[in-house]
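Here are some questions and answers on a predicted model. Look at the structure, then work through them in order.

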Amino acid sequence: MKMKPGEFIALSACTMTLTALGIDIMLPAFGEVRKHFGLSTGSTDTAQIISFFFMGQVAQIVFGALSDRFGRIAILRIGFPLYIIGGIIAAMAPDLPTMLVARFFAGMGASAVFMTTIAGVRDRFVGDEMARILSLIFTIFLFTPVIAPFLGLAIMSVGSWQMVFLAPPLFAVAVFLWSLRLEESLPAAQRTPLSRTHVGRSIVRVLSNRAFLRYTTVTTLLFTALSSYVSSSEHIVGEIYGKPELFAWIFAGMGATMSLCALLNSRLSARYGARRTIKWLLSIYTVVGAVLLVCTWAFGDPPQMPLFFIAVTTMLAINLAVEPNSSALALGPMGNMAGMASAIYGTCFFFVGALIGSVTSHLMAHGVFPLVLCFFVFGLVSVLLAFGDRPQPATETP
């Protein structure tokens, strides 16, 4: 790799940041978006702005097949324009349906960028080393939730919500230019033919791998709860708890905690291995979810604000620490099918997770019990899946 590891990690973090920035910076502007489109103050329709962006990740299946055939760089070059153009149209949309369609296409672009980044890491690293590198990338990109809400508020103080929505595509232009330094990670000799038979065979091989299914399911379940919270976070803080002035501070604090937990995971994975680390992280996640569920059931919905946000912050921080480990364990055995495997992996946890998460968000008009229940149930299933895993003989090759 000609690019130095530090620059590669920084660039990978910035490309993945496009997904986070395309969400987090907009959340403080949702109140103005409701006014602009004539929605009621407590409307949950703005959550669809996030959900449609996530659902655009369904395109990863197509991009995965194309990247295994034509290489990672070619697909990266497609993803950036989709993200940029979709973001600009969303900012200028005359109505909410048009905005949602534009957000879907922006999500498609983000999916191409995200998928090629993950596949590029898999092309270069495997196993616990991949988990360590991904944790470092996640640590950097997780600073986005820390600064994005304040950046959104700062932009709104001197401009409009449209200017907030334009910030992500403008940042994408800069990252796109930087990415021109990135070299291809999939040699021509390792590329696979693009045919219905071969693509179908690749999908079957990926989906028949038990480790892939196990850890993709874990990631999808945890992401469902995460996407539901993120989509509804402004509504939860501003409407359910009636503290809109605290939204940016709460979101930033959660982002900082998540980033620190991802950094801690890079050390834990290096010392204890991804498989062992993920089991204990998920155990803590499930215990915290159980405590929050009991308190919500016993003392009323919503629970006390400090209790709710401490518990949710802890679980989301663990979620982001788990994801690099589950990625490494799911994608490690995939070899030259890393592009297709990354695409199926990303599609499952982004599209399926966001789709189910949007249903949960819709149910939280006056309380948070649906979200609390999701945290516990999905955590319980995930910990059972993790402890049911048995290490296989090492056959991984970068």
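Q: Is Lys 35 buried or exposed?
A: This is a predicted model, where local features need pLDDT of at least 70, side-chain atom pairs count only at pLDDT 80 or more, and totals for chains, interfaces and linings use all residues. Residues are numbered from 1 along each chain as its sequence is written, and side-chain values use heavy atoms, with hydrogens and water left out. Buried means under 20% relative accessible area, exposed over 50%, and partly exposed in between (1.4 Å probe, protein chains only). Lys 35 has 64% relative accessibility, so Lys 35 counts as exposed.

Q: Which residue meets Lys 35 in a salt bridge?
A: A salt bridge needs a side-chain nitrogen of Lys or Arg within 4 Å of a carboxyl oxygen of Asp or Glu. Here the N to O distance is 3.7 Å.

Q: Why are Glu 32 and Lys 35 separated by about one helical turn?
A: Helices are DSSP runs (H or I, at least four residues), numbered from the N terminus. Both residues sit in helix α2, residues 30-36. They are about one turn apart because their spacing in that helix is three residues.

Q: How far apart are the closest N and O atoms of Arg 181 and Glu 7?
A: A search of the whole structure finds two salt bridges, and Arg 181 with Glu 7 forms one. Arg 181 is exposed, at a relative accessible area of 52%. The closest N and O atoms are apart by 2.7 Å.

Q: Which residues touch the most other members of the largest nonpolar core?
A: A nonpolar core is a set of buried Ala, Val, Leu, Ile, Met, Phe, Trp, Tyr and Cys residues joined through side-chain atoms within 4.5 Å. The largest one has 118 residues. Helix α14 (residues 305-331) gives the largest share, 16 residues. The residues touching the most other members are Met 99, Phe 165, Tyr 229, Ile 236, Phe 308 and Phe 309.

Q: What is the angle between the planes of Tyr 285 and Phe 375?
A: Rings of Phe, Tyr and Trp (its six-membered ring) pair if their centres lie within 6.5 Å; planes under 30 degrees apart count as stacked, over 60 as edge-to-face and the rest as tilted. The search finds eleven aromatic pairs. Tyr 285 and Phe 375 form a tilted one, 6.3 Å centre to centre. The angle between the planes is 55°.

Q: Which helix holds Phe 375?
A: Phe 375 is buried, and so is Tyr 285. Tyr 285 lies in helix α13, 90 residues apart from Phe 375. Phe 375 lies in helix α16.

Q: What separates the C-alpha atoms of Thr 277 and Asn 325?
A: Thr 277 lies in helix α13, residues 274-299. Its relative accessible area is 6%, so Thr 277 is buried. Beyond four places in sequence, Thr 277 is in contact (heavy atoms within 4.5 Å) with residues including Tyr 272 and Asn 325. Thr 277 and Asn 325 are 48 residues apart along the chain, and their C-alpha atoms are separated by 7.9 Å.

Terms used. Helix = DSSP H or I, 4+ residues; strand = E, 2+ residues; numbered from the N terminus.
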